[in-house]
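Q: Could you walk me through this model, strand by strand and then the metal site? I'd like to know what the cut-offs are as we go.

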Amino acid sequence: MSTSASLQKLSPHCRAYLQPPWGWCVNNAGVVVGSDRTLLIDTTATIDRTRAMRAELHAAGIGDPRYIVNTHFHGDHTFGNCVFDTAEVIGTSTTAREAGDAGLALCGLWPAVDWGEITLVAPSILVEDRLGMDLGGVEVELFDVGPAHTSSDLVVWVPRERVLFTGDVAWNGVTPFALMGSVDGSLAALQRLLELDPAVVVPGHGDVGGLEVLEQTRRYLLWCRDLAFEGRREGMSPLQVAQRAWSEGTVPELSEAERLVANLFRVYAELDGVPTGGRIDIREPFSQMSVLSGAPPLSHA
Ligand SMILES: [Zn+2]
């Protein structure tokens with residue numbers, strides 16, 4: 001693990017924990033500090049990374065969180081839950097189920113990563129659709145905008161300070177990834193988030209920004225959807241469509257560009273009748289990402 005992670009103050013009660021240069025399984029987390037309770041938004045992929053985050057929080061005078069929100073089930077956002085053994089974990093019932101189904105499978109994708117001794121801690125406070133919380137002088141709203149990045153995606157909105165923590169519904173400088181959710185669903189979710197008119201957007205991966213983070217994600221997904229429609233009309237496979245865009249140099253300059261083939265795969269699946277955000281076999285698109293870029297996706301977690 002090498003990390004240049006840092007805690008960044010966003011507003012009187014909100015901070016982001018950023019882990020540049022991001023990449024596969026290297027995410028952002030967030031913190032909302034109330035007068036009597038602290039809410040942590042996601043943890044990190046490994047025990048060492050989460051311990052480093054905890055040390056940064058303590059150095060900033062922030063104690064262990066009373067609550068952790070898991071925005072979705074992916075291990076880079078949830079595996080560190082067990083480091084905070086006094087926190088209660090909040091998530092949707094779908095996220096709780098999907099975290100249980102996925103288990104530690106993510107570790108098998110990147111065996112070279114030092115994940116540490118992870119004990120899975122699933123959400124025990126279950127949110128259906130929406131939850132309002134008062135952390136003591138600061139109100140927070142959680143709502144499920146999925147299916148988007150996965151079949152269920154909680155975002156955290158601090159209305160008084162207009163700070164929005166999107167989880168992996170939005171990305172900055174990093175390729176969006178909707179294989180386990182929905183491109184159409186993501187576009188609908190982004191529309192809802194744009195209507196909140198946030199001043200600060202903390203994406204799941206990539207730097208903090210404003211509305212342009214939501215716009216950038218939306219622009220990419222619209223491009224991707226158009227590309228899928230066009231390729232499908234021409235009888236091409238998702239891999240062929242991605243390879244053509246790759247060779248023509250039209251793929252947006254975002255990191256982890258190989259995700260294109262997986263996103264196209266998702267659009268095709270839904271055009272073929274899979275319900276929005278419905279579960280699909282992800283093995284083939286995962287291996288096609290390696291074909292597209294010429295190497296297996298690399299994680300620096
Ligand atoms: Zn994710």
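**Hairpin, sheet and zinc site**

A: A hairpin is formed by strand 1 and strand 2, with four residues between them; strands (E, at least two residues) and helices (H or I, at least four) are DSSP runs numbered from the N terminus. This is a predicted model, in which local features need pLDDT of at least 70 and side-chain atom pairs count only at pLDDT 80 or more, while totals for chains, interfaces and linings use all residues. Residues are numbered from 1 along each chain as its sequence is written, and side-chain values use heavy atoms, with hydrogens and water left out.

Q: How do strand 1 and strand 2 run, and how many bridges join them?
A: They run antiparallel and are joined by four bridges; two strands count as paired if DSSP finds at least two bridges between them. Among the bridge partners, Gln-8 goes with Ala-16 of strand 2, and Ser-6 goes with Leu-18 of strand 2.

Q: And what about strand 2 and strand 3, how do they run?
A: Those two are also antiparallel, with four bridges between them, and Tyr-17 stands opposite Ala-29 of strand 3.

Q: Is strand 2 buried or exposed?
A: Five of its five residues are buried, so strand 2 is largely enclosed by the rest of the structure; buried means under 20% relative accessible area, exposed over 50% and partly exposed in between, with a 1.4 Å probe and protein chains only. Cys-14, Ala-16 and Leu-18 are buried on one side of strand 2, and Arg-15 and Tyr-17 are buried on the other.

Q: What does the whole sheet look like, and which strands are at the edges?
A: Seven strands make an open sheet with mixed pairing, in the order 1-2-3-4-5-6-7. Strand 1 and strand 7 (125–127) stand at the edges with a single partner strand each, so one side of each has no neighbour in the sheet. Neighbouring strands are turned by 25° against each other on average, direction ignored.

Q: Which strands does helix 1 touch?
A: Helix 1 (residues 47–59) packs on the sheet and touches strand 1, strand 2, strand 3 (29–33) and strand 4 (38–41), its direction making about 145° with that of strand 2. Contact here means heavy atoms within 4.5 Å, and the angles, from 0 to 180 degrees, are taken between N-to-C directions of lines fitted to C-alpha atoms, for helices over the stretch in contact.

Q: Now the metal: which residues coordinate the zinc ion?
A: His-72 (NE2), His-74 (ND1), His-149 (NE2) and Asp-168 (OD) do, at 2.2 to 2.3 Å; donors are N, O and S atoms within 2.8 Å of the metal (3.2 Å for Na, K and Ca), and water is not among the atoms, so sites may look incomplete.

Q: Where do His-74 and Asp-168 lie?
A: His-74 is in the loop between strand 5 (67–69) and helix 2 (75–78), and Asp-168 is in strand 11 (residues 163–171), so the pair ties together parts 94 residues apart in sequence. Both His-74 and Asp-168 are buried.
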